[in-house]
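Visitor: Please show me the model, and then let us talk through the surroundings of its ligands.

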Amino acid sequence: MTEAAKYTRNHPYHALVRVNQRLTGPESEKETIHVELALEDGMTYTPGDAVGIIATNREAQVASVLQALGFTGDEPVEDHYKNQISLLEALTAHLGIGKLARGSVNQYAKLCGDNLPAGLAALLGPENKALAEEYVWGREFIDLITEFPGVITEPQQLFVVLQRLQPRMYSIASSQAAHPGEVHTTVRVVRYTAHGLDRQGVASGHLGERAPVGATLPIYLHENKAFRLPEDTDAPVIMIGPGTGIAPFRAFLEHRQALGHKGDNWLFFGEQRSVSDYLYKDQFLAMHADGLLTRLHTAFSRDQHNKVYVQDRMRENAAELFAWLERGAYFYVCGDASRMAKDVELALLDVIANGSNSTPDHAAEYLAAMKKQKRYQRDVY
Ligand SMILES: Cc1cc2nc3c(=O)[nH]c(=O)nc-3n(C[C@H](O)[C@H](O)[C@H](O)COP(=O)(O)OP(=O)(O)OC[C@H]3O[C@@H](n4cnc5c(N)ncnc54)[C@H](O)[C@@H]3O)c2cc1C
Ligand SMILES: NC(=O)c1ccc[n+]([C@@H]2O[C@H](COP(=O)([O-])OP(=O)(O)OC[C@H]3O[C@@H](n4cnc5c(N)ncnc54)[C@H](OP(=O)(O)O)[C@@H]3O)[C@@H](O)[C@H]2O)c1
């Protein structure tokens, strides 16, 4: 067993926070941060891997749940492994009191027995799935127990109603060849207002608000063999990383730079505004100036009236992009799975079809062959 593997979600390493700084400017609509954590000797990772963060719920959020339920927090409960802990610890570190799951609504309703409120009954069953989805969107456990109070009578019932608090994954943004003993991440802090309350994501909120320099964070390293630089260090790579999708490409580039790998590198980065959202700008410009980044294209979607996205930059540079593919380039995509990754794939298919002067079917076969050769890799979430 390697040293790194000895730390898991159930047995995490308590990493010291060395750096926690905002990357986005004050004018930005987003709060994206750069976090550097110290690792123990022997904990190793490869660019492309992720780090699992074991976050805790906010003190104020836990307090409001305790208050709404009429408990003190001192009540003993059994955790998922039947160990006795206090209710306060359970709500802080073991139970998901953040975003509400439909399953929790169902379990909560079961506890009502004959006293099921009509408003809750209306959210049950497959026929009401859409309504239930709409109800849970933007709501947390506190909303459910405030709207339908008096259901939880025993603290242990919370382990039936609530899901286990899960670790969150963050793509590693550093290379150990450049930063021995450290792991870096790029995190967008999730904050929003919904149903009259200010909310924040559990893990990104923890990193954004409760992980100052000098604090410790329980973490573990998570291997991702499906997202790797080419073994051939001379092979060209094309990286599409809008938003926090940039993280693994900073790791790739630092790695190739530190080890003197000769392959060409082409980065496409996209964000809202150049003035406030150009993540790692100085580092990428320096890499471009010294030739490590052969090509660098940015797409700032809100710098002009019409949206410009990374796939628009791909299309503008289609001939050159296809020439790189023909030279055996590896093509990587990281970031938003819901829209960006699909649109980038469509643009890539267009680039291939136009470049090879062929049909969409041929482009699909070309892409399938790239996948088979592990030359098309995605890390999307
Ligand atoms: C392999 C992998 C790599 C990843 N890498 C990164 C990375 O490098 N950087 C990064 O920042 N993230 C990354 N993520 C995402 C990350 O793991 C978390 O999912 C993200 O930070 C949110 O977690 P959270 O605990 O802060 O928020 P949660 O507590 O999970 O809350 C998020 C939820 O809040 C709700 N929500 C959010 N906004 C709104 C809104 N406006 N209105 C209503 N509801 C809303 C949604 O239900 C959403 O799912 C990665 C994920 C994976 C799987
Ligand atoms: N689960 C969560 O709560 C959570 C938390 C953090 C991040 N994430 C996810 O992490 C990913 C990165 O988030 P992020 O805020 O760093 O960046 P992002 O939302 O991906 O935005 C980065 C850039 O991509 C642009 N964009 C929007 N739609 C696009 C499309 N179809 N194709 C190409 N580009 C597009 C955005 O433009 P415009 O905004 O101007 O349209 C912006 O300029 C997203 O999947 C995000 O949802 C999820």
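Visitor: Which residues come nearest to ligand 1?
Guide: This is a predicted model, in which local features need pLDDT of at least 70 and side-chain atom pairs count only at pLDDT 80 or more, while totals for chains, interfaces and linings use all residues. Residues are numbered from 1 along each chain as its sequence is written, ligands are numbered from 1 in the order in which they are written, and side-chain values use heavy atoms, with hydrogens and water left out. Around ligand 1 there are 19 residues (each with a heavy atom within 4 Å of the ligand), and those that come nearest are R168, M169, Y170, T186 and S204.

Visitor: Which strand gives the most residues to the shell around ligand 1?
Guide: Two or more residues each come from strand 6 (168-171), strand 7 (182-188) and helix 8 (202-209), where helices (H or I, at least four residues) and strands (E, at least two) are DSSP runs numbered from the N terminus. The element that gives the most, with four residues, is strand 6.

Visitor: What is the distance from an oxygen atom of ligand 1 to an N or O atom in the side chain of S204?
Guide: Polar contacts here are pairs of N or O atoms within 3.5 Å. A polar backbone atom of M169 is 2.6 Å from an oxygen atom of ligand 1, and a backbone N or O atom of A203 lies 2.8 Å from an oxygen atom of this ligand. For the side chain of S204, the distance is 2.5 Å.

Visitor: Which residue has a side-chain N or O atom 3.0 Å from a nitrogen atom of ligand 2?
Guide: Oxygen atoms of ligand 2 are involved in the contacts with the side chains of R188, at 2.4 Å, and R302, at 2.7 Å. The contact of a ligand nitrogen atom at 3.0 Å is with the side chain of Q311.

Technical notes. Polar contact = N/O pair within 3.5 Å; in protein donor to acceptor, adjacent residues only side chain to side chain.
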